[in-house]
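Try each task before reading its solution.

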Amino acid sequence: MTRLTYTGTNFDEVKALCGDKVLSPYFCMGITMLSLMTDDGFITVNEGDIIVLDDEGKFHVE
């Protein structure tokens with residue numbers, strides 16, 4: 001299992017972990033967010049959220 005906290009400034013690390021399942025960050029109401037493709041569709045990743053890549057290769061956000 002791999003865990004990575006999105007800080008708003010570490011998109012390169014997030015991209016290295018998530019590959020083409022993550023969209024470029026966008027700025028909304030004072031914070032930076034990402035969209036991440038999961039088995040449930042796109043979900044929003046906010047600054048401070050933890051992206052989890054589980055042992056089955058699936059992404060989750062905590």
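**Exercise 1.** State how much accessible surface the chain has, and what share belongs to carbon and sulfur atoms.

*Solution.* The accessible surface is about 3,900 Å². Carbon and sulfur atoms hold 53% of that surface. Such areas come from the Shrake-Rupley method with a 1.4 Å probe; for residues, only the protein chains shown count as cover.

Two notes on the source. This is a predicted model: local features need pLDDT of at least 70, side-chain atom pairs count only at pLDDT 80 or more, and totals for chains, interfaces and linings use all residues. Residues are numbered from 1 along each chain as its sequence is written, and side-chain values use heavy atoms, with hydrogens and water left out.

**Exercise 2.** List the secondary structure of the chain and give its order.

*Solution.* Helices (H or I, at least four residues) and strands (E, at least two) are DSSP runs, numbered from the N terminus. Now read along the sequence: the pattern is β-α-β-β-β-β-β.

**Exercise 3.** Place T32 in the chain, then decide: is T32 buried or exposed?

*Solution.* First, find the element: T32 sits in strand β3, residues 31-38. Next, take the relative accessible area of T32, 14%. Buried means under 20%, exposed over 50%, partly exposed in between (1.4 Å probe, protein chains only). T32 is therefore buried. Across the chain, 29% of the 62 residues count as buried.

**Exercise 4.** Name residues that T32 touches, leaving out those up to four places away in sequence.

*Solution.* Contact means heavy atoms within 4.5 Å. The partners of T32 are Y6, G8, P25, Y26, F27, V45, N46 and E47.
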